[in-house]
Amino acid sequence: MNPLQLCLVFSSLLFAVGLAGALARNNGILVLLGLELMLNAANLNFIAFWRFHPGAAPATGVIFVIFAIAVTAAETAVGLALVIALYRHQQNIRLSEANRLKG
Amino acid sequence: MNAVLILIALVTVGAAILAMSRRNLLHSVLLFAGSWAGVGAFFLWAGAEFAAFAQVLVYVGAISMVVLFAVLLTRRSREDLAPGPVSRSRAISAVLAGIAVAAVLLAAVAGTPLAVSAGPAPAVSVRQIGGELMGPHAAALLVVGVLLTVALLGAVVLAAGDRPENPEDAP
């Protein structure tokens, strides 16, 4: 198995852990952190292909990752603000109780 | 070289698994910070120093602190840190979904012939990254700046809420 495949295995495992956590946990903050983990796995792939793909442009992967990190930071800020707003409404952050719009 | 990569991968994925299975939310967040630091170590290993710095500054520094603040703001007592147990069937089905996705991805990775360049990492200096950001990617940089500003303003608006004024607080 060559190093690129090892990197891809690493990021696949990280993605799967994030997905399982986001699906399993009932806590708003932990679901958000599971999403972060999946995005990190995507960044890992960018860097792995930039490093190992023959003929990749010199700075492409790094710039991709920088933009992805910036977008993730914005997403985290809004997500945590939503969690705090949820806490103000129902005095906890359990997502199973956030069902006021349920039909 | 591969041994270092495998070590980084084991530490990162192990920290993530532990973080997702902990009952105490504070432990989870600290383990997540460790996992993000592991991803930063991978960036260093791959020769993307600038991405590693960004990862450490943004994730290990800023996002973990913001998440810790959110954890501490959204609890009422010490016991609140350990939320009630997740339903068993939900946990099992989530883990099964994760294993299924991992299996599909791993099969695809193992079954694809991937060409690898044997040479060293593409050398990229900070000056070069700055030139790329300000030159060909200037429009994207501006859009990201506007996005961050709007998102942070929106976060403030969402989190601040509209609390009724207490007349006794008025000077």
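Author: Along the sequence, chain A follows the pattern α-α-α, where helices are DSSP runs of H or I of at least four residues and strands are runs of E of at least two, numbered from the N terminus. The model is predicted: local features need pLDDT of at least 70 and side-chain atom pairs pLDDT 80 or more, while totals for chains, interfaces and linings use all residues. Residues are numbered from 1 along each chain as its sequence is written, and chains are lettered from A and ligands numbered from 1 in the order in which they are written.

Reader: How many helices and strands does chain A have, and what is its radius of gyration?

Author: Chain A has three helices and zero strands. The radius of gyration is taken over C-alpha atoms, and the globule rule is 2.2 Å times the number of residues to the power 0.38. For the 103 residues of chain A the rule gives 13 Å, but the value is 17 Å, well over it, so chain A is more spread out than a compact globule. Its C-alpha atoms fill a box of roughly 55 × 25 × 20 Å along the principal axes.

Reader: Is A:Gly61 buried or exposed?

Author: A residue is buried if 20 or more other C-beta atoms, placed from the backbone, lie within 10 Å of its own, exposed if 12 or fewer, and partly exposed in between. A:Gly61, in helix α3 of chain A, is buried because 26 other C-beta atoms lie within 10 Å. In α1(A), 17 of the 22 residues are buried.

Reader: Which element gives the most to the side of chain A that touches chain B?

Author: Two residues are in contact if their C-beta atoms, placed from the backbone, lie within 7 Å. The contact takes 61 residues from chain A and 68 residues from chain B. On the side of chain A, α3(A) gives the most, with 22 residues. That side divides into 47 nonpolar, 10 polar and four charged residues; Ala, Val, Leu, Ile, Met, Phe, Trp, Tyr, Cys and Pro count as nonpolar, Asp, Glu, Lys and Arg as charged, and the others, Gly among them, as polar.

Reader: At what angle do the axes of α3(A) and helix α6 of chain B cross?

Author: Axes are lines fitted to C-alpha atoms, for helices over the stretch in contact, with angles from 0 to 180 degrees between N-to-C directions. The axes of α3(A) and α6(B) (residues 138-160) come within 8 Å and cross at roughly 10°. That makes the two helices roughly parallel, a term for angles under 35 degrees. Their contact comprises 20 nonpolar residues, one polar and no charged, including A:Phe67 from α3(A) and B:Leu147 from α6(B).

Note on methods
Parallel < 35°, antiparallel > 145°, perpendicular 65-115°, else oblique.
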